Amino acid sequence: MAHLTFTINYHTAWGEQVCLCGVTPELGNFNENQAIILGADGDNWSTAVNIEDTLDITYYYFIRKGGYTTRREWGNNRKLHITTGRKEFIIHDLWKNRPYHSYLYSSVFIGTVFRHQMIPFPSKYYSQTVLLNVICPYVAGNQILMISGECEELGQWDLKLAKPLSYIDEGEWQIILDAKKLPPKSEYKFVIIDKVTGDAIHWEDGGNRVLAASGAHKGNTVLVEMALLFHYQYFTYRGTGTSIPVFSLRTDESFGVGDFADLRKMVDWTSLTRQQLIQLLPVNDTTATKTWRDSYPYSAISAYALHPIYLGCSDYPLTVKKKQNAFRKEAKELNSLPELDYEKVLLLKIRYGRELFQQEREKVFVSEEYLAFRDKNESWLFPYVCYCYLRDKQGSADFREWGDYAVYDEAALKKMVDTDTEAKEETQFWAFLQYLLHRQFSGVKIYANERGVALKGDIPIGISRNSIDAWVAPDLYHMDTQSGAPPDDFSFFGQNWGFPTYNWQMMEKDGYAWWVTRFRKMADYFDAYRIDHILGFFRIWEIPLDAVQGSLGHFRPALPFWVEEINRAGIPFDEERMVQPFIHEHFLPDIFAEHTEEVKREYLETIGWQRYALKSHCDTQRKVKQLFETKKDDKSRRICDGLMSLCAEVLFVRDPQDYHRFHPRITAQYTHSYRYLDIHVKEAFNRLYDEFYYHRHNYFWREEAMKKLPVLISSTKMMVCGEDLGMVPDCVPSVMHELQMLSLEIERMPKDPFVTFTDLQRLPYLSVCTTSTHDMSPLRLWWTENRELTQRYYNEVLHHEGVAPAECDTALCRQIIERHLRSSAMWVILPLQDWLSIDEKNRNPNVAAERINVPANPEHYWRYRMHISLDDLLREAGFNGEVAMLAER
């Protein structure tokens, strides 16, 4: 039997109780209703427990008031090895609050950058033992935590004689000392040491600690000091990484597209250049049309399934050499292309996958690894394989066209698979591919982590309207709407992504289970993630289905105005004038030029003196787009664009949930409708507009975000970054800081509206700094796009005199990148294109070819690939050494 005495100091409010809950029956079997209530002596709380068996116990403290749990300790449960044989354990605990540096407990750090070999619990104690348990997440992989003190046993402050601690868990260390060799009291400190040099990296802050070993100076006693906090107030970490889509990678073994096997060589390059992170775009399956349109990585057909195009075929060779050689020949031709040929590559990968399926199926389907994968992922895997079969069988990804299977029915689908030979064969094939992809990608994560490299993924804010997720649970989405972004620097008319918006009220009912499951699946492959359009968790830009441009959208949720509020603001509200398109004789020639009379005749009808309305066949942007879909001449394009703009000539947008309330139209000040207002009405509209878009919703949207984000963030140990660009409400930075979410900072996209360029020395520490994103021009292309802006940057930011060069040469690129690497941000993650820009030999001769996406173009083909192979890049010793020196911030 072991006798355990637990003590903890905690200041409670009136009516609060400190409770202890743990794994054994004596500690309540992790049932808080059976937990131990500690006794109080002022702020000191204690209890005693007898445990019969030798075992490892885990436990934690929580606060109860009025029969309800009001607070729990932060982080992992405490762990302690208990030995019986009349051992007495005296355990002094400290309450574990959420640390300021809680980001260090993400898998980026504990599993990668600050990775350590875990040491098992000790099986034996000294007859008189002192156990020190220390929380210290600040120790890098090439460092170790040690204890040094004044007594002889602790080295008399000589670091060469200091004692190392053992790493036992996430940021947690401990050491077992023989109390017989310790004086009753002695001073000591913990210190972080470089493993190679033995030099001190950091002595903990503050005065010396006092080790009172006298409590253990009696037989069979273990004195435990649990959860001691290593004091390191001003700790900062500076990390460096590279962003590159998987499809953009190129190796000698590629099959015309970057894949998960290629990603290992990207890991090798990242490690070689002393970087710690690779940032990727979404890698989920987007196969809806099997055309180049599926190259858009943010329109996945499944929030869980990986894209078959990323299968690294080089890891899975065919045993029939003739077939293997034929595939390699075809792959070599596609791999020699400067850009991705999405359709041919996808076809090649699926054909190769089918050959593998026939070769490996019997062996794979009986393997324990496959069976475990299938059982763990059944909830999404079964709908996915049925969807793939029906998509191909019906020739459409629109499940509404699938007849008996238009509505998801699991029982009917299982019957289909059981009774239809073709369905069974096809569903097995798609499951087989997902297994291979999972096995390969999860293996790449292990490979990367072992080399000190973390993988960062990307979670799209939307789902495809024709996705499996919408098919399986349509009640989780508003299928009668589409999402996008309001006008910003990326797009004058806003962006329309076409995705349905989320039904957050329905999602809240089951604790956001869909999101939690999605995040946990991502944790199989990533150590960090970027939430695409983090603003969507505060509010989303919702666009009517009959609109094409984002300018006719509105925020959801929102607090639209009543008519009375609009009138009180000094705007005499006239629904016909302000909610219907305002079309006046005078400005039509500005839009249509010589085609004005034809437009009046074919597309407009007179409704008053010099006033028109759009005819019914073209009174929405969707109808206009369909009218001109096949007409590509300049005249048709001008008329189409003009009619689109007339549809948006409104000052207010009616709220679809409440017919009697209205939203000011975003960027209404650019409309002719606004220009035709009286001056005092313009001023009143501007005041109302500013109140609506910059003040009215701050607390409301903060509450919306705080319902969702804490639940989702706490569901995994991945580090969280938010893409917070665009029209950012004031409430967003405070929420992100409170939840320790990293913001995105770009020098040429300042969040301060009164400056042209962001001050890189004043970025928030909890941020990711970059030169450009996949939605922007890379550094060298940006330099050529706006000469006036480039000139200002050259003179005012880079502090050069004279006229800016026409091109951004290697010296300028290096200067710009060095400035970013000296920024105050925790992470600097640069596109590979911009890393390559500093070297004349390795930079792409075709500057325009380096752009990944043009967000203003919804028809953009995502096909950028590296112009050199990673194999060649790995051999560039001089360039890699230069990057390595820069990357060490």
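Biologist: Which residues does L709 touch, not counting residues up to four places away in sequence?
Modeller: This is a predicted model, in which local features need pLDDT of at least 70, side-chain atom pairs count only at pLDDT 80 or more, and totals for chains, interfaces and linings use all residues. Residues are numbered from 1 along each chain as its sequence is written, and side-chain values use heavy atoms, with hydrogens and water left out. Contact means heavy atoms within 4.5 Å. With that exclusion, L709 touches I531, I534, F537, F538, V735, L739 and M741.

Biologist: Which residues of the largest nonpolar core touch the most other members?
Modeller: A nonpolar core is a set of buried Ala, Val, Leu, Ile, Met, Phe, Trp, Tyr and Cys residues joined through side-chain atoms within 4.5 Å. Of the 182 residues in the largest one, those touching the most other members are F441, W515, F652 and L709.

Biologist: Which helix gives this core its largest share?
Modeller: Helices (H or I, at least four residues) and strands (E, at least two) are DSSP runs, numbered from the N terminus. The largest share is twelve residues, and these come from residues 421-450, helix α8.

Biologist: How far apart are the end C-alpha atoms of α8?
Modeller: The expected span is 1.5 Å times one less than the number of residues. For the 30 residues of α8 this gives 44 Å, which agrees with the distance in the model, 44 Å.

Biologist: Which residue caps the N-terminal end of α8?
Modeller: The backbone nitrogen of E422 has a side-chain oxygen 2.9 Å away. That oxygen belongs to the capping residue, D420.

Biologist: Is T501 buried or exposed?
Modeller: T501 is found in strand β25, residues 501-502. Buried means under 20% relative accessible area, exposed over 50%, and partly exposed in between (1.4 Å probe, protein chains only). The relative accessible area of T501 is 1%, so T501 is buried.

Biologist: Which strands stand at the edges of the open sheet of four strands?
Modeller: Two strands pair if DSSP finds at least two bridges between them. The order is β24-β23-β27-β28, with antiparallel pairing. Each edge strand has a single partner, so one side of it is left without a neighbour in the sheet; the two are β24 (495-496) and β28 (554-556).

Biologist: Which residue in the turn between β31 and β32 has a positive phi?
Modeller: Strands β31 (residues 604-608) and β32 (residues 611-614) pair in the antiparallel sense over four bridges, and T606 has Y612 as its bridge partner. The hairpin has two residues between its strands, and a positive phi of about 60° belongs to Q610.

How values were computed. A polar contact is a pair of N or O atoms within 3.5 Å; within protein, one must be able to donate a hydrogen and the other to accept it, and residues adjacent in sequence count only if both atoms are side-chain atoms.
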